[in-house]
Amino acid sequence: MSLVIDHPPTGRRERARRDKQARIKDAARMLFAQRAAGSVTTREIADRAGVAIGTLFCYVSSKAELLIMVQNEKFAAAIDAGLTAAANAAGQGLLDEVLELIRPVIVCVREHKENGRFYLHELVFGDPNEQFRSDGLALAARLEAGIQATVARDGGIGHADAFDLARVISAIIHVNITAKVYLGLTAEEVLADIRKQIAVVLRQDRRDAFAEATRSPTSLPEGEPMTES
């Protein structure tokens with residue numbers, strides 16, 4: 001006589017898994033919207049989701065990853081909105097186009113200042129191999145690529161310089177959002193400060209100096225010696 005074990009169909013198990021993941025995400029989204037991540041516990045999220053704490057850790061490795069999971073969705077939507085706004089602003093001037101692109105991102109991340117700051121910090125300094133961090137880094141790269149494409153629409157800026165300028169602009173955004181000294185500013189005040197900094201970076205004379213400073217030593221004119229100071 002053989003023992004027959006009645007396993008639930010794969011489809012049912014998968015639906016149950018997705019249902020738990022959705023409940024965990026909804027619980028985390030609700031709690032992080034109400035309070036700073038530092039004051040929310042994984043136990044609270046598990047209880048709100050109606051799952052055991054051990055079950056929660058089958059889906060995420062930490063509270064930080066829970067915040068990243070929730071914030072990634074908002075970050076992606078903000079990037080989409082920014083890319084659309086930048087395209088609609090084409091012809092209004094390079095600075096305005098870049099600002100239209102990044103405005104929804106700044107507003108999104110500053111919606112909850114502490115959590116937005118924590119989110120960007122974790123993306124940069126956390127384990128890039130974790131699923132949701134990896135997804136978030138891909139979104140950050142997409143934003144940077146959008147800035148590069150916007151800058152490259154200016155006929156006087158080459159592809160390589162547009163790439164480097166996009167990295168500089170991304171760094172400006174990151175510092176102005178994550179630095180604790182700026183926490184007391186509103187999103188509009190942060191945007192105004194970022195605008196001033198990007199305006200300096202995009203000035204033609206500054207771009208020329210930037211291109212000169214970043215020129216590879218191997219690209220020196222033939223016969224020009226490399227001297228030591």
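**Exercise 1.** Determine which residues S170 touches in this predicted model, leaving aside residues up to four places away in sequence, and whether S170 is buried or exposed.

*Solution.* Step 1: locate the residue; S170 lies in helix 8, which covers residues 159-178. Step 2: list its contacts; with residues up to four places away in sequence not counted, S170 touches E144 and I147. Step 3: consider its accessibility; the relative accessible area of S170 is 17%, and S170 is therefore buried, the cut-off being under 20%.

**Exercise 2.** Describe how helix 6 and helix 8 pack.

*Solution.* Step 1: take the geometry; helix 6 (residues 113-125) packs against helix 8 at an angle of about 130°, and the axes are 9 Å apart. Step 2: classify the angle; the two helices are therefore oblique to each other. Step 3: assign the handedness; the crossing of helix 6 past helix 8 is left-handed. Step 4: identify the residues that meet; R117, L120, H121 and V124 come from helix 6, while H174, I177 and T178 come from helix 8. By class, this contact has 3 nonpolar, 3 polar and 1 charged residues.

**Exercise 3.** Characterise the largest nonpolar core and the surroundings of V151.

*Solution.* Step 1: state the extent of the core; it has 54 residues. Step 2: name those with the most contacts inside it, which are I24, F32, I45, L66, I147, V151 and I198. Step 3: trace the contributors; among the helices that each supply at least two residues are helix 1 (10-34), helix 4 (63-88) and helix 7 (131-152). Step 4: examine V151; not counting residues up to four places away in sequence, V151 touches L94, V98, I157, A162, L165 and I169.

Definitions and conventions. Residues are numbered from 1 along each chain as its sequence is written. This is a predicted model: local features need pLDDT of at least 70, side-chain atom pairs count only at pLDDT 80 or more; totals for chains, interfaces and linings use all residues. Side-chain values use heavy atoms; hydrogens and water are left out. Axes are lines fitted to C-alpha atoms, for helices over the stretch in contact, and angles run from 0 to 180 degrees between N-to-C directions. Helices (H or I, at least four residues) and strands (E, at least two) are DSSP runs, numbered from the N terminus. Angles under 35 degrees count as roughly parallel, over 145 as roughly antiparallel, 65 to 115 as roughly perpendicular and the rest as oblique. A crossing is left-handed if the near helix is turned anticlockwise from the far one by less than a right angle, and right-handed if clockwise. Contact means heavy atoms within 4.5 Å. Ala, Val, Leu, Ile, Met, Phe, Trp, Tyr, Cys and Pro count as nonpolar, Asp, Glu, Lys and Arg as charged, and the others, Gly among them, as polar. A nonpolar core is a set of buried Ala, Val, Leu, Ile, Met, Phe, Trp, Tyr and Cys residues joined through side-chain atoms within 4.5 Å. Buried means under 20% relative accessible area, exposed over 50%, partly exposed in between (1.4 Å probe, protein chains only).
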